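Biologist: Before we discuss this protein, please show me its sequence and structure.

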Amino acid sequence: MAMARACGLGLLLALLLPVVGAYKPVTVVRLNKAMLSYVSEIGKAPLQRALQVTVPYFLDWSGGVLQPSRVQILNVQVAHLHLNFIDGFGVRMLAAANFTLKVFRVPEPLELILPAILLADARVAQGSIGTPVVSISTCLSLFNNAIVLEGSHSLTPALLIRVQQHIKAVLRNKLCLGISNLVQGLNVHLGTLIGLTPVGPESQVRYFMISAPNITNDYISLDINAVLFLLGKPVILPLDATPFILPEHAGTNGTMATVGLSQDVFDCALLLLQKAGSLNMDITGKLNSNDNLLNTSMLSQLIPEVARQFPNPMPLVLKLRLGTTPVATLHTNNATLWLQPLVEVLAVASNSAFQSLFSLNVGVNLSLQLSVSKAKLQGTTSVLGEIQLTVASSNVGFIDLQTDQVRVLIGTVFEKPLLDHLNALLGMGVALPNVVNLHYDTPEVFVREGYVVVSSELHYQG
(Lines give C-alpha, C1' and ligand atoms only; values in the text may rest on other atoms or scores of the structure.)
Protein backbone atom coordinates (compact mmCIF):
# COMPACT_ATOMS: atom_id res chain seq x y z
CA MET A 1 0.00 0.00 0.00
CA ALA A 2 1.33 3.41 -0.91
CA MET A 3 1.95 5.72 2.01
CA ALA A 4 1.53 9.46 2.25
CA ARG A 5 4.42 11.48 0.95
CA ALA A 6 3.20 13.93 3.56
CA CYS A 7 4.87 11.83 6.23
CA GLY A 8 8.13 11.51 4.32
CA LEU A 9 10.56 14.40 4.41
CA GLY A 10 14.25 14.80 3.89
CA LEU A 11 16.63 15.80 6.65
CA LEU A 12 16.42 19.50 5.86
CA LEU A 13 12.65 19.54 5.94
CA ALA A 14 12.79 19.70 9.70
CA LEU A 15 13.56 23.34 8.93
CA LEU A 16 10.37 23.51 6.86
CA LEU A 17 11.63 25.46 3.90
CA PRO A 18 9.12 27.09 1.52
CA VAL A 19 8.99 23.95 -0.63
CA VAL A 20 6.74 22.35 1.99
CA GLY A 21 3.85 23.61 -0.11
CA ALA A 22 4.56 20.69 -2.44
CA TYR A 23 3.38 18.23 0.21
CA LYS A 24 -0.15 17.13 0.91
CA PRO A 25 -1.96 17.21 4.24
CA VAL A 26 -2.46 14.11 6.36
CA THR A 27 -4.51 16.04 8.91
CA VAL A 28 -6.88 18.98 8.72
CA VAL A 29 -7.50 21.06 11.84
CA ARG A 30 -10.60 23.24 11.68
CA LEU A 31 -11.16 25.78 14.43
CA ASN A 32 -14.75 26.96 14.58
CA LYS A 33 -16.61 30.00 15.91
CA ALA A 34 -17.09 28.33 19.29
CA MET A 35 -13.31 28.40 19.71
CA LEU A 36 -13.31 32.19 19.29
CA SER A 37 -15.99 32.47 21.98
CA TYR A 38 -13.80 30.44 24.33
CA VAL A 39 -10.73 32.56 23.53
CA SER A 40 -12.81 35.68 24.16
CA GLU A 41 -13.48 34.46 27.70
CA ILE A 42 -10.03 33.23 28.66
CA GLY A 43 -8.38 36.11 26.76
CA LYS A 44 -9.78 38.91 28.92
CA ALA A 45 -7.19 38.53 31.67
CA PRO A 46 -4.10 38.53 29.41
CA LEU A 47 -5.57 41.43 27.40
CA GLN A 48 -6.05 43.41 30.61
CA ARG A 49 -2.41 42.83 31.50
CA ALA A 50 -1.29 43.86 28.01
CA LEU A 51 -3.26 47.12 28.31
CA GLN A 52 -1.68 47.98 31.68
CA VAL A 53 0.81 50.38 30.06
CA THR A 54 2.82 53.22 31.56
CA VAL A 55 1.70 56.81 31.06
CA PRO A 56 4.32 59.61 31.19
CA TYR A 57 4.00 62.62 33.46
CA PHE A 58 1.30 65.19 32.69
CA LEU A 59 2.84 68.66 32.41
CA ASP A 60 0.47 71.26 33.82
CA TRP A 61 1.24 74.91 32.97
CA SER A 62 -1.80 76.36 34.71
CA GLY A 63 -0.97 79.29 36.92
CA GLY A 64 2.14 80.06 34.88
CA VAL A 65 4.21 77.45 36.72
CA LEU A 66 5.21 74.05 35.31
CA GLN A 67 3.74 71.34 37.48
CA PRO A 68 4.60 67.76 36.41
CA SER A 69 2.08 65.22 37.70
CA ARG A 70 2.59 61.47 37.74
CA VAL A 71 -0.10 59.46 35.96
CA GLN A 72 -0.74 55.82 36.80
CA ILE A 73 -3.20 53.26 35.47
CA LEU A 74 -4.63 51.69 38.61
CA ASN A 75 -6.78 49.10 36.90
CA VAL A 76 -7.90 47.90 33.49
CA GLN A 77 -11.23 46.14 33.25
CA VAL A 78 -12.09 44.49 29.92
CA ALA A 79 -15.87 44.33 30.13
CA HIS A 80 -16.39 42.89 26.67
CA LEU A 81 -14.19 41.01 24.22
CA HIS A 82 -15.55 39.73 20.93
CA LEU A 83 -13.66 37.89 18.18
CA ASN A 84 -14.91 36.90 14.76
CA PHE A 85 -13.38 35.52 11.58
CA ILE A 86 -12.71 37.69 8.54
CA ASP A 87 -13.14 35.72 5.33
CA GLY A 88 -9.79 35.15 3.62
CA PHE A 89 -7.88 37.25 6.13
CA GLY A 90 -7.90 36.41 9.82
CA VAL A 91 -9.63 37.59 12.99
CA ARG A 92 -11.23 40.85 14.09
CA MET A 93 -11.16 41.90 17.73
CA LEU A 94 -13.62 44.28 19.37
CA ALA A 95 -13.06 45.06 23.04
CA ALA A 96 -14.63 47.46 25.51
CA ALA A 97 -12.41 48.42 28.44
CA ASN A 98 -12.48 50.84 31.35
CA PHE A 99 -9.20 52.40 32.48
CA THR A 100 -9.04 53.60 36.07
CA LEU A 101 -6.31 56.24 36.29
CA LYS A 102 -4.87 58.44 38.98
CA VAL A 103 -3.16 61.79 38.37
CA PHE A 104 -1.00 62.69 41.36
CA ARG A 105 -1.42 66.46 41.21
CA VAL A 106 -1.18 69.07 43.94
CA PRO A 107 -3.10 69.97 45.97
CA GLU A 108 -5.57 67.19 45.24
CA PRO A 109 -4.98 63.96 43.29
CA LEU A 110 -7.36 63.20 40.46
CA GLU A 111 -8.90 59.79 39.92
CA LEU A 112 -10.96 59.02 36.85
CA ILE A 113 -12.33 56.27 34.66
CA LEU A 114 -11.70 56.44 30.92
CA PRO A 115 -13.93 54.15 28.80
CA ALA A 116 -12.37 52.88 25.57
CA ILE A 117 -13.27 50.81 22.54
CA LEU A 118 -10.45 48.83 20.94
CA LEU A 119 -10.61 47.55 17.37
CA ALA A 120 -7.93 45.38 15.77
CA ASP A 121 -7.67 43.19 12.67
CA ALA A 122 -5.20 40.32 12.83
CA ARG A 123 -3.92 38.48 9.79
CA VAL A 124 -3.35 34.73 10.23
CA ALA A 125 -0.72 33.30 7.92
CA GLN A 126 1.73 30.42 7.54
CA GLY A 127 5.07 31.11 9.20
CA SER A 128 8.45 30.18 7.76
CA ILE A 129 8.78 27.21 10.15
CA GLY A 130 5.32 25.81 9.41
CA THR A 131 3.37 27.29 12.31
CA PRO A 132 0.43 29.72 12.33
CA VAL A 133 1.58 33.33 12.62
CA VAL A 134 -0.70 36.14 13.74
CA SER A 135 0.10 39.79 13.01
CA ILE A 136 -1.83 42.99 13.71
CA SER A 137 -2.60 44.79 10.45
CA THR A 138 -4.84 47.60 11.74
CA CYS A 139 -5.52 48.83 15.25
CA LEU A 140 -7.69 51.68 16.53
CA SER A 141 -8.48 53.04 19.99
CA LEU A 142 -11.62 55.13 20.58
CA PHE A 143 -12.30 56.92 23.85
CA ASN A 144 -15.38 58.29 25.54
CA ASN A 145 -15.27 61.19 28.00
CA ALA A 146 -13.70 60.44 31.33
CA ILE A 147 -15.74 60.00 34.47
CA VAL A 148 -14.18 61.83 37.43
CA LEU A 149 -14.22 59.84 40.67
CA GLU A 150 -12.13 62.00 43.00
CA GLY A 151 -10.40 65.37 42.90
CA SER A 152 -13.05 67.41 41.13
CA HIS A 153 -13.02 70.27 43.68
CA SER A 154 -9.81 71.85 42.37
CA LEU A 155 -10.33 70.73 38.76
CA THR A 156 -11.37 73.14 36.07
CA PRO A 157 -13.11 71.95 32.87
CA ALA A 158 -10.16 73.21 30.82
CA LEU A 159 -7.68 71.26 32.95
CA LEU A 160 -9.79 68.08 32.66
CA ILE A 161 -9.74 68.44 28.87
CA ARG A 162 -5.93 68.78 28.86
CA VAL A 163 -5.53 65.76 31.18
CA GLN A 164 -7.75 63.64 28.94
CA GLN A 165 -5.94 64.79 25.80
CA HIS A 166 -2.62 63.79 27.35
CA ILE A 167 -3.84 60.35 28.43
CA LYS A 168 -5.67 59.61 25.18
CA ALA A 169 -2.68 60.62 23.05
CA VAL A 170 -0.45 58.22 24.98
CA LEU A 171 -2.93 55.35 25.01
CA ARG A 172 -3.68 55.56 21.28
CA ASN A 173 -0.11 54.49 20.58
CA LYS A 174 0.65 52.28 23.54
CA LEU A 175 -2.52 50.21 23.61
CA CYS A 176 -2.00 48.97 20.06
CA LEU A 177 1.62 48.25 20.90
CA GLY A 178 0.47 46.26 23.92
CA ILE A 179 -1.95 44.27 21.77
CA SER A 180 0.82 43.62 19.24
CA ASN A 181 3.13 42.38 22.01
CA LEU A 182 0.35 40.11 23.26
CA VAL A 183 0.03 38.64 19.77
CA GLN A 184 3.78 38.07 19.57
CA GLY A 185 3.58 36.06 22.76
CA LEU A 186 0.76 34.07 21.18
CA ASN A 187 2.98 33.33 18.18
CA VAL A 188 5.65 31.90 20.48
CA HIS A 189 3.01 29.60 21.94
CA LEU A 190 1.72 28.59 18.50
CA GLY A 191 5.31 27.71 17.60
CA THR A 192 5.08 24.68 19.90
CA LEU A 193 2.92 23.02 17.21
CA ILE A 194 6.14 21.73 15.64
CA GLY A 195 7.46 20.18 18.84
CA LEU A 196 8.36 16.48 18.83
CA THR A 197 5.78 14.20 20.45
CA PRO A 198 6.10 10.41 20.97
CA VAL A 199 4.39 7.79 18.81
CA GLY A 200 6.10 4.83 20.46
CA PRO A 201 9.03 4.07 22.75
CA GLU A 202 11.64 5.14 20.15
CA SER A 203 9.62 7.17 17.64
CA GLN A 204 8.21 10.68 17.42
CA VAL A 205 6.06 12.85 15.18
CA ARG A 206 6.37 16.54 14.33
CA TYR A 207 3.44 18.38 12.77
CA PHE A 208 3.64 21.49 10.61
CA MET A 209 1.47 23.59 8.30
CA ILE A 210 2.00 23.09 4.57
CA SER A 211 0.05 26.05 3.21
CA ALA A 212 -1.66 29.29 4.16
CA PRO A 213 -4.75 28.75 6.33
CA ASN A 214 -8.17 28.64 4.72
CA ILE A 215 -10.30 31.23 6.53
CA THR A 216 -14.05 31.71 6.14
CA ASN A 217 -16.59 33.62 8.21
CA ASP A 218 -17.25 30.37 10.13
CA TYR A 219 -13.87 28.78 10.71
CA ILE A 220 -10.14 28.71 10.10
CA SER A 221 -8.79 25.50 8.57
CA LEU A 222 -5.15 24.40 8.77
CA ASP A 223 -3.67 21.78 6.43
CA ILE A 224 -1.20 19.85 8.55
CA ASN A 225 1.56 17.47 7.54
CA ALA A 226 3.91 15.37 9.64
CA VAL A 227 7.53 14.30 9.88
CA LEU A 228 8.03 10.90 11.49
CA PHE A 229 11.23 10.14 13.37
CA LEU A 230 12.72 6.79 14.36
CA LEU A 231 15.70 6.92 16.71
CA GLY A 232 16.02 10.62 15.93
CA LYS A 233 16.13 10.18 12.15
CA PRO A 234 13.29 11.10 9.77
CA VAL A 235 11.54 8.20 8.06
CA ILE A 236 11.16 8.60 4.30
CA LEU A 237 7.96 7.07 2.93
CA PRO A 238 6.69 6.31 -0.58
CA LEU A 239 4.65 8.77 -2.61
CA ASP A 240 0.86 8.90 -2.49
CA ALA A 241 -0.41 11.95 -4.34
CA THR A 242 -4.07 11.62 -3.34
CA PRO A 243 -4.97 14.75 -1.34
CA PHE A 244 -7.00 14.59 1.86
CA ILE A 245 -9.96 16.97 1.97
CA LEU A 246 -12.08 17.22 5.10
CA PRO A 247 -15.76 17.54 4.13
CA GLU A 248 -17.39 20.88 4.97
CA HIS A 249 -19.81 19.58 7.58
CA ALA A 250 -17.71 16.83 9.15
CA GLY A 251 -18.03 16.29 12.88
CA THR A 252 -20.43 17.73 15.43
CA ASN A 253 -21.98 21.14 14.90
CA GLY A 254 -21.07 23.81 17.43
CA THR A 255 -17.84 22.30 18.72
CA MET A 256 -14.65 24.33 19.02
CA ALA A 257 -12.42 22.07 16.96
CA THR A 258 -12.87 19.54 14.18
CA VAL A 259 -9.82 17.42 13.36
CA GLY A 260 -9.78 15.21 10.29
CA LEU A 261 -7.28 12.32 10.29
CA SER A 262 -6.66 10.73 6.92
CA GLN A 263 -5.91 7.08 6.24
CA ASP A 264 -2.28 8.16 5.92
CA VAL A 265 -2.09 9.06 9.61
CA PHE A 266 -2.82 5.46 10.55
CA ASP A 267 -0.60 4.01 7.82
CA CYS A 268 2.31 6.18 8.92
CA ALA A 269 1.91 5.47 12.63
CA LEU A 270 1.66 1.70 12.05
CA LEU A 271 4.66 1.74 9.71
CA LEU A 272 6.67 3.58 12.34
CA LEU A 273 5.71 1.09 15.05
CA GLN A 274 6.57 -1.80 12.75
CA LYS A 275 9.95 -0.34 11.76
CA ALA A 276 10.76 0.34 15.41
CA GLY A 277 10.00 -3.28 16.29
CA SER A 278 7.45 -2.14 18.86
CA LEU A 279 4.88 -4.62 17.58
CA ASN A 280 7.20 -7.60 18.01
CA MET A 281 6.88 -9.65 21.16
CA ASP A 282 7.95 -12.87 22.88
CA ILE A 283 5.42 -15.04 24.70
CA THR A 284 6.95 -17.25 27.37
CA GLY A 285 5.69 -19.60 30.06
CA LYS A 286 7.00 -20.95 33.32
CA LEU A 287 7.50 -24.69 33.45
CA ASN A 288 6.43 -25.10 37.08
CA SER A 289 3.20 -23.12 36.75
CA ASN A 290 0.11 -25.28 37.17
CA ASP A 291 -1.83 -23.56 34.39
CA ASN A 292 1.08 -23.19 31.99
CA LEU A 293 0.31 -24.47 28.50
CA LEU A 294 3.56 -23.25 26.97
CA ASN A 295 5.55 -26.49 27.27
CA THR A 296 6.48 -29.41 25.05
CA SER A 297 4.15 -31.74 26.93
CA MET A 298 1.21 -29.77 25.61
CA LEU A 299 2.50 -29.96 22.02
CA SER A 300 3.31 -33.66 22.34
CA GLN A 301 -0.39 -34.44 22.41
CA LEU A 302 -0.77 -32.84 18.98
CA ILE A 303 2.58 -33.51 17.30
CA PRO A 304 4.15 -36.98 17.83
CA GLU A 305 7.63 -35.81 16.80
CA VAL A 306 7.68 -33.34 19.68
CA ALA A 307 6.99 -36.18 22.10
CA ARG A 308 9.89 -38.15 20.62
CA GLN A 309 12.38 -35.26 20.79
CA PHE A 310 11.27 -34.02 24.22
CA PRO A 311 10.28 -36.92 26.48
CA ASN A 312 10.42 -34.55 29.46
CA PRO A 313 8.40 -31.27 29.55
CA MET A 314 10.43 -28.25 28.47
CA PRO A 315 9.39 -24.55 28.28
CA LEU A 316 8.27 -23.04 24.99
CA VAL A 317 8.78 -19.55 23.61
CA LEU A 318 6.60 -17.96 20.90
CA LYS A 319 8.50 -15.29 18.99
CA LEU A 320 6.11 -12.97 17.14
CA ARG A 321 7.67 -10.81 14.45
CA LEU A 322 5.94 -8.47 12.00
CA GLY A 323 7.80 -8.28 8.72
CA THR A 324 4.94 -6.42 7.04
CA THR A 325 3.19 -3.27 8.15
CA PRO A 326 -0.24 -3.74 9.77
CA VAL A 327 -3.13 -2.44 7.70
CA ALA A 328 -5.80 -0.17 9.15
CA THR A 329 -9.11 -0.07 7.27
CA LEU A 330 -11.58 2.74 7.85
CA HIS A 331 -15.21 2.31 6.90
CA THR A 332 -18.17 4.28 8.25
CA ASN A 333 -18.54 3.48 11.98
CA ASN A 334 -16.05 0.63 11.63
CA ALA A 335 -12.28 0.57 12.01
CA THR A 336 -10.29 -2.66 11.73
CA LEU A 337 -6.65 -3.65 11.94
CA TRP A 338 -5.09 -6.55 10.02
CA LEU A 339 -1.87 -8.14 11.30
CA GLN A 340 0.19 -10.84 9.60
CA PRO A 341 2.93 -11.83 12.01
CA LEU A 342 5.28 -14.76 11.69
CA VAL A 343 5.22 -16.79 14.90
CA GLU A 344 8.18 -19.07 15.58
CA VAL A 345 7.74 -21.75 18.24
CA LEU A 346 10.94 -22.68 20.06
CA ALA A 347 11.70 -25.13 22.85
CA VAL A 348 14.45 -25.02 25.42
CA ALA A 349 16.70 -28.03 24.79
CA SER A 350 18.54 -29.96 27.48
CA ASN A 351 21.63 -27.81 26.95
CA SER A 352 19.52 -24.63 27.56
CA ALA A 353 19.79 -23.63 23.90
CA PHE A 354 16.66 -22.75 21.94
CA GLN A 355 15.54 -25.24 19.30
CA SER A 356 13.15 -24.11 16.57
CA LEU A 357 10.23 -26.52 16.26
CA PHE A 358 8.08 -24.81 13.63
CA SER A 359 6.84 -21.42 12.49
CA LEU A 360 3.36 -20.22 11.56
CA ASN A 361 2.03 -17.56 9.25
CA VAL A 362 -0.71 -15.89 11.25
CA GLY A 363 -3.51 -13.61 10.09
CA VAL A 364 -5.40 -11.65 12.75
CA ASN A 365 -8.32 -9.32 12.05
CA LEU A 366 -8.90 -6.89 14.88
CA SER A 367 -11.67 -4.46 15.71
CA LEU A 368 -10.15 -1.04 16.46
CA GLN A 369 -11.94 1.25 18.91
CA LEU A 370 -10.64 4.83 18.92
CA SER A 371 -10.76 7.45 21.65
CA VAL A 372 -9.02 10.71 22.56
CA SER A 373 -7.48 11.59 25.91
CA LYS A 374 -6.14 15.12 26.38
CA ALA A 375 -4.28 15.52 23.07
CA LYS A 376 -3.68 11.88 22.10
CA LEU A 377 -5.57 9.47 19.85
CA GLN A 378 -5.68 6.09 21.56
CA GLY A 379 -6.92 2.67 20.49
CA THR A 380 -8.07 -0.65 21.90
CA THR A 381 -8.41 -3.88 19.93
CA SER A 382 -10.33 -7.14 20.06
CA VAL A 383 -10.17 -10.15 17.76
CA LEU A 384 -12.75 -10.44 14.97
CA GLY A 385 -13.52 -13.97 13.81
CA GLU A 386 -11.01 -16.80 13.84
CA ILE A 387 -7.25 -16.39 13.73
CA GLN A 388 -5.89 -17.69 10.44
CA LEU A 389 -2.98 -20.14 10.64
CA THR A 390 -0.73 -21.77 8.04
CA VAL A 391 2.54 -23.60 8.54
CA ALA A 392 5.54 -21.63 7.27
CA SER A 393 8.17 -24.23 8.21
CA SER A 394 8.44 -27.28 10.43
CA ASN A 395 11.24 -29.29 12.03
CA VAL A 396 8.79 -31.70 13.66
CA GLY A 397 6.99 -33.14 10.63
CA PHE A 398 3.32 -32.69 9.72
CA ILE A 399 1.22 -30.32 11.82
CA ASP A 400 -2.59 -30.46 11.64
CA LEU A 401 -3.87 -26.95 12.35
CA GLN A 402 -7.53 -27.78 11.85
CA THR A 403 -8.13 -29.59 15.14
CA ASP A 404 -10.14 -28.01 17.93
CA GLN A 405 -7.24 -28.53 20.33
CA VAL A 406 -5.01 -26.29 18.20
CA ARG A 407 -7.66 -23.57 18.05
CA VAL A 408 -8.13 -23.64 21.81
CA LEU A 409 -4.38 -23.62 22.34
CA ILE A 410 -3.88 -20.61 20.06
CA GLY A 411 -6.70 -18.69 21.71
CA THR A 412 -5.28 -19.40 25.16
CA VAL A 413 -1.55 -18.89 24.74
CA PHE A 414 -1.44 -16.45 21.82
CA GLU A 415 -4.55 -14.29 21.58
CA LYS A 416 -4.64 -12.77 25.06
CA PRO A 417 -0.90 -11.84 25.24
CA LEU A 418 -1.17 -10.34 21.75
CA LEU A 419 -4.16 -8.17 22.70
CA ASP A 420 -2.54 -7.13 25.98
CA HIS A 421 0.60 -6.07 24.11
CA LEU A 422 -1.25 -4.20 21.35
CA ASN A 423 -3.63 -2.44 23.72
CA ALA A 424 -0.77 -1.31 25.95
CA LEU A 425 1.04 0.05 22.89
CA LEU A 426 -2.00 1.72 21.32
CA GLY A 427 -2.99 3.02 24.73
CA MET A 428 0.12 5.21 24.71
CA GLY A 429 -1.61 7.13 21.94
CA VAL A 430 -0.52 9.16 18.95
CA ALA A 431 -0.31 12.87 19.63
CA LEU A 432 -2.80 14.96 17.70
CA PRO A 433 -1.79 18.39 16.39
CA ASN A 434 -1.78 20.72 19.39
CA VAL A 435 0.19 23.39 21.21
CA VAL A 436 1.56 23.31 24.75
CA ASN A 437 -1.05 23.33 27.54
CA LEU A 438 -3.97 22.92 25.11
CA HIS A 439 -6.05 19.77 25.59
CA TYR A 440 -8.99 18.21 23.82
CA ASP A 441 -12.03 18.29 26.13
CA THR A 442 -15.06 15.94 25.85
CA PRO A 443 -13.96 14.69 22.40
CA GLU A 444 -16.09 12.54 20.11
CA VAL A 445 -14.49 10.23 17.54
CA PHE A 446 -16.28 9.32 14.32
CA VAL A 447 -15.00 6.76 11.80
CA ARG A 448 -15.82 7.68 8.22
CA GLU A 449 -14.96 6.12 4.87
CA GLY A 450 -11.19 6.51 4.62
CA TYR A 451 -10.74 8.98 7.47
CA VAL A 452 -11.51 9.71 11.12
CA VAL A 453 -13.06 12.86 12.57
CA VAL A 454 -12.48 14.16 16.10
CA SER A 455 -14.97 16.77 17.29
CA SER A 456 -13.95 18.37 20.54
CA GLU A 457 -14.07 21.29 22.88
CA LEU A 458 -10.70 22.74 23.89
CA HIS A 459 -9.30 23.45 27.32
CA TYR A 460 -6.26 25.60 27.99
CA GLN A 461 -4.24 25.13 31.18
CA GLY A 462 -1.88 28.08 31.40
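Predicted model: local features only at pLDDT ≥ 70, side-chain atom pairs only at ≥ 80, totals over all residues.

Biologist: Is serine 203 buried or exposed?

Modeller: Serine 203 is found in strand E9, which covers residues 203–209. Leaving aside neighbours within four places in sequence, serine 203 is in contact with Thr197, Pro198, Phe229, Leu230 and Leu272. The relative accessibility of serine 203 is 0%, and the limit for burial is under 20%. Serine 203 therefore counts as buried.

Biologist: Which element supplies the largest share of the lining of the largest cavity?

Modeller: The largest cavity has a volume of about 220 Å³, and 17 residues line it, with Phe266, Ala269, Leu377, Leu426 and Val430 nearest its centre. By class, the lining of the largest cavity holds 14 nonpolar, 3 polar and no charged residues. Helix H4 (263–276), strand E19 (354–373), strand E20 (376–383) and helix H7 (404–428) each supply at least two of the lining residues. The largest share, 5 residues, comes from H4.

Biologist: What classes of residue make up the lining of the second largest cavity?

Modeller: About 90 Å³ of space lies in the second largest cavity. Of the 11 residues that line the second largest cavity, Val205, Tyr207, Leu228, Val265 and Cys268 are the closest to its centre. E9, strand E11 (219–230) and H4 each give two or more residues to this lining, and H4 gives the most, with 3 residues. By class, the lining has no polar and no charged residues, and 11 nonpolar.

Biologist: Which helix gives the most to the lining of the largest pocket?

Modeller: The largest pocket has a volume of about 1,300 Å³. It is lined by 42 residues, and those nearest its centre are Met35, Val39, Val134, Leu186 and Leu190. The lining of the largest pocket divides into 37 nonpolar, 4 polar and 1 charged. With 7 residues, the element that gives the most to this lining is helix H3.

Biologist: With which residue does lysine 33 form a salt bridge?

Modeller: A search of the whole structure finds 6 salt bridges. Lysine 33 lies in helix H1 and its partner in the loop between strand E10 and E11, 185 residues apart. Lysine 33 is partly exposed, with a relative accessible area of 47%. The closest N and O atoms of the pair are 3.4 Å apart, and the partner is aspartate 218.

Biologist: How many residues apart in sequence are the parts that aspartate 282 and arginine 321 tie together?

Modeller: Aspartate 282 forms a salt bridge with arginine 321, the closest N and O atoms being 3.1 Å apart. Aspartate 282 lies in strand E14 and arginine 321 in strand E15, so the parts that this pair ties together are separated in sequence by 39 residues.

Biologist: What separates lysine 416 and aspartate 420 in helix H7?

Modeller: Lysine 416 forms a salt bridge with aspartate 420, with the closest N and O atoms 2.9 Å apart. Lysine 416 counts as exposed at 52% relative accessibility, whereas aspartate 420 is partly exposed at 42%. Because the two are 4 residues apart in helix H7, their separation is about one helical turn.

Note on methods:
Residues numbered from 1 in each chain as written. Heavy atoms only, no water. Buried < 20%, exposed > 50% of the residue type's maximum accessible area, 1.4 Å probe, protein only. Contact = heavy atoms within 4.5 Å. 1 Å grid on protein atoms, 1.4 Å probe; cavity = no way out; pocket = protein on both sides within 12 Å on 5 of 7 lines; lining within 4 Å. Points joined across faces, edges and corners; volume = space filled by probe spheres on them. Nonpolar A, V, L, I, M, F, W, Y, C, P; charged D, E, K, R; others polar. Salt bridge = Lys/Arg side-chain N within 4 Å of Asp/Glu carboxyl O.
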